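Student: Could we go through this structure together? I would like to start with the terms.

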Amino acid sequence: MLKLSARQQRFVKHYVRLGNAAQAAREAGYANAGARVTASRLLTNPNIQEAVSAERRHYEKGLRITREQVIAELRSAIDVARTQG
């Protein structure tokens, strides 16, 4: 991982897992009151952005599925549900 603080690394891991930046900031140990502002600031940091991308690839590889595959399966399930009424 890039040169990130321990708390930034926790933020990246929680953000990829949760998909909610403010909640990830809280889980990483940032103040609850300013979690949304902190999360926004963190996500504009190029090192954090790169770490999030790397963590997503690692996470998806562990799941052996990509976001695109999930979306395709959800669309398929919606189509089936529509045809079955």
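Tutor: Contact here means heavy atoms within 4.5 Å. The model is a predicted one, in which local features need pLDDT of at least 70 and side-chain atom pairs count only at pLDDT 80 or more, while totals for chains, interfaces and linings use all residues. Residues are numbered from 1 along each chain as its sequence is written, and side-chain values use heavy atoms, with hydrogens and water left out.

Student: Which residues does Y30 touch, not counting those up to four places away in sequence?

Tutor: Y30 touches R7, Q8, F11, A25, T38 and L42.

Student: And where is the place of Y30?

Tutor: Y30 sits in the loop between α2 and α3. Helices (H or I, at least four residues) and strands (E, at least two) are DSSP runs, numbered from the N terminus.

Student: Is Y30 buried or exposed?

Tutor: Y30 is buried, at 13% relative accessibility. Buried means under 20% relative accessible area, exposed over 50%, and partly exposed in between, using a 1.4 Å probe and protein chains only.

Student: What about Q8, buried or exposed?

Tutor: Q8 is buried too, with a relative accessible area of 17%. Q8 belongs to helix α1, and beyond its neighbours within four places in sequence it is in contact with Y30, L42, N45 and I48.

Student: Changing topic, how many helices and strands are in the chain?

Tutor: The chain has five helices and zero strands. Its radius of gyration is 16 Å, well over the 12 Å that the globule rule gives for 85 residues, so the chain is more spread out than a compact globule. That radius is taken over C-alpha atoms, and the rule is 2.2 Å times the number of residues to the power 0.38. Along the principal axes, the C-alpha trace spans about 50 × 30 × 20 Å.

Student: How many residues has the largest nonpolar core?

Tutor: That core has 17 residues, and those with the most contacts inside it include F11, Y15, Y30 and I48. A nonpolar core is a set of buried Ala, Val, Leu, Ile, Met, Phe, Trp, Tyr and Cys residues joined through side-chain atoms within 4.5 Å.

Student: Which elements give two or more residues to this core?

Tutor: They are α1 (6-18), α2 (21-28), α3 (35-43) and α4 (46-63). The largest share, five residues, comes from α2.

Student: What share of the 85 residues counts as buried?

Tutor: For the chain, 25% of the residues count as buried.
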